[in-house]
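User: I have this structure open and would like to go through a few spots in it. Can you help me read it?

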Protein chains: 2
Amino acid sequence: MSGLTDFPLLEQPVPAREPLPLHLKRLAYRCNECRVNDLCLPTGLPLHDNRYLGTLIGSRIRVRKGAALFNANVPLSHLYSVYSGSFKTNLNNAEGQGVIINFWMPGDVLGLDAIATELHVCDAIALEDSEVCPVPYHRLQAVAREFPPLQQSLNRLMSREIIREHERVLMLCNLSAEQRLASFLLGLSRRFVSRGYSSNGFMLCMSREDIASYLGLRLETICRSVAHLRGLGIVNLRGRLVEILDMPALSALELGSAGSYAIAELKPVKAD
Amino acid sequence: MSGLTDFPLLEQPVPAREPLPLHLKRLAYRCNECRVNDLCLPTGLPLHDNRYLGTLIGSRIRVRKGAALFNANVPLSHLYSVYSGSFKTNLNNAEGQGVIINFWMPGDVLGLDAIATELHVCDAIALEDSEVCPVPYHRLQAVAREFPPLQQSLNRLMSREIIREHERVLMLCNLSAEQRLASFLLGLSRRFVSRGYSSNGFMLCMSREDIASYLGLRLETICRSVAHLRGLGIVNLRGRLVEILDMPALSALELGSAGSYAIAELKPVKAD
DNA sequence: CGCGTCTTTGAATGGAATCAAGAGCGGTGG
DNA sequence: CCACCGCTCTTGATTCCATTCAAAGACGCG
């Protein structure tokens, strides 16, 4: 609204090909060395060019397990990129009904849904002790104006979030409880892989109730579905420790009986 | 990617305060006189300034009832703003299961979900003979670079779409069939109001099956819920003609029995 | 160890899906 | 004008899956 005058940095924009002033270099380096920069805002930017980002991102913030990173109806000041740990975002209506909108892992950017109104719409709660990189939103806008690839990256993040919600709706409308759970585990697995972790062994950072809320079910239904998958020998899931034993079978489950994998042939296996 | 060279217009950007060349004026005028420009891309732009938009928006395209404006997996060339008529967008998975992602009315902008991959993810089908204003996407990016309020407007549209999906998920996870229908009718009503139409009398442009898909239900369930609301004397809904008889009661239904409006007191009314 | 929280499992219930049949509606053509 | 057709919509009977209510077990933490 008020133009660029709030951001003295931008009145002398950094020339793209000249060496950076020292005070920028230190911060810029942070993104370059970050393990998840390819998932975060720098997505698609040439790495040597995220000097622009470096001028943006403040020092990391620690959030204790159970604490809120932000709450609904609070003005949007920063977007937050998860550096370590994990979060859930929660949408509540006036009557106290709520759902978990998403779980967020390192590299994910929180707060995009607040851009429309400049008020947060969700509560963001840390699922474990976590760290985030704060990105001052108005400054981001200004920098993105000077550096179009950054704007593009932001556009893509928002669009991808729309698509993710599309897929969630598809799940909620078409899949049974067990299919939803299979889909959830596969989704987590893929996300761990893209962060360099194992695809078939990982730790859940959320409770059964959180999973239920995310999948549009009750926690008892999650327990029953877990028990069933365990009985089929597809996953070994005890407490929050997940081990996927038969990835193809899990994928077949997610897709429903139409899949090429013959689910009917899976026999229950006695757990020892 | 390829910079500005594809867009000769932008190599001599229009100075913000000088009179527009004639060839721009004609098109710009179109947005100014459009009945829904305040819902569309020009949202929040000073009207005298949507000269920039005028350079963007091509002449309107007509789409026949039942025809596709675009299909999934097709490269994103344009965003489309609905000028008249209405559309549905459909997301299908590999197994042929699908859902309706949204219904689109004049002023709504279609295609934002394609920005991440530059491929459309949905099919967009006209529900009646319709007209859209095509907005070439790459040109839009370039113009938005020169004219930041336009970029802001685009950001807000995307963010609002994320929020809309949040609310849809909340509905799918928490509301009964009848509450979903109430919520759907109220949503339509509000959208008609913001377009200058009656809040309590309108025509549905979609079939029962489309409504069912949107609400995560079966078409028989829609029929039953409609019959029940009719029996309660809350709506007069016959075929595709909707008349909301008791708006407060409908709102109370949407919110569930926790609302201040005493649903229990509503007695079934004999239809004549 | 004891407490509270989270998780598991069981039995009964209920709401929406499914299966099935018939009614209404609009368009077409004789 | 009416008969016919296809499509959408409506209603009924039954089934099934997830919810609800309930109680006990496991786990982590002070």
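User: Where is Ile234(B) found?
Analyst: This is a predicted model. In it, Ile234(B) is in the loop between H8 and strand E10 (235-238) of chain B.

User: Buried or exposed, and why?
Analyst: Ile234(B) has 22 C-beta neighbours inside 10 Å. A residue counts as buried with 20 or more, so Ile234(B) is buried.

User: Which residues does Ile234(B) touch, leaving aside those up to four places away in sequence?
Analyst: Ile234(B) touches Leu229(B), Leu245(B), Asp246(B), Ala249(B) and Leu250(B).

User: And what separates the C-alpha atoms of Ile234(B) and Ile244(B)?
Analyst: Those two residues are 10 apart along the chain, and their C-alpha atoms are separated by 6.4 Å.

User: Now another loop. Where does Asn93(B) sit?
Analyst: Asn93(B) lies in the loop that runs between strand E4 (87-92) and strand E5 (98-104) of chain B.

User: Next, helix H7 of chain B. Which of its residues are buried?
Analyst: In H7(B), the buried residues are Ile211(B), Ala212(B), Ser213(B), Tyr214(B) and Leu215(B).

User: What covers the buried residues of H7(B)?
Analyst: The cover includes E5, helix H6 (177-194) and H8, which belong to chain B.

User: What follows H7(B)?
Analyst: Gly216(B) does, and its phi is positive, near 70 degrees.

User: On to the DNA. How many residues surround DNA strand D?
Analyst: There are 18. The closest are Ser176(A), Ala177(A), Thr221(A), Ser207(B) and Ala227(B).

User: Which helices supply at least two residues each of the surface near DNA strand D?
Analyst: From chain A, helix H8 (219-231) does; from chain B, helix H7 (208-215) and helix H8 (219-231) do. H8(B) supplies the largest share, six residues.

User: How do the residues near DNA strand D divide by class?
Analyst: That surface has seven charged, six nonpolar and five polar residues.

User: What about the two protein chains, how many residues are in contact?
Analyst: On chain A, 34 residues are in contact with 34 residues of chain B. Strand E5 (98-104) and helix H5 (148-174) of chain A are the elements that give two or more residues to chain A's side. H5(A) gives the most, with 18 residues.

User: And by class, on that side of chain A?
Analyst: There are 17 nonpolar, nine polar and eight charged residues on the side that touches chain B.

User: What domains does chain A have?
Analyst: The domain assignment gives domain 1 (3-168) and domain 2 (175-265). In chain A, 12 residues of domain 1 are in contact with eight residues of domain 2. On the domain 1 side, E5(A) gives the largest share, three residues.

User: What does UniProt list for residues 175-248 of chain A?
Analyst: An unreviewed UniProt entry lists "domain: HTH crp-type" there. Over those residues the chain is 55% helix and 15% strand, with the end C-alpha atoms 18 Å apart.

Definitions and conventions. Residues are numbered from 1 along each chain as its sequence is written. Chains are lettered from A and ligands numbered from 1 in the order in which they are written. This is a predicted model: local features need pLDDT of at least 70, side-chain atom pairs count only at pLDDT 80 or more; totals for chains, interfaces and linings use all residues. Two residues are in contact if their C-beta atoms, placed from the backbone, lie within 7 Å. Helices (H or I, at least four residues) and strands (E, at least two) are DSSP runs, numbered from the N terminus. Ala, Val, Leu, Ile, Met, Phe, Trp, Tyr, Cys and Pro count as nonpolar, Asp, Glu, Lys and Arg as charged, and the others, Gly among them, as polar. UniProt positions are given in the numbering used here, feature names are shortened, and annotations may be inferred rather than shown by experiment. A residue is near a molecule or strand if its C-beta atom, placed from the backbone, lies within 6 Å of it. A residue is buried if 20 or more other C-beta atoms lie within 10 Å of its own, exposed if 12 or fewer, and partly exposed in between; C-beta atoms are placed from the backbone. Domain bounds come from an automatic or database domain assignment.
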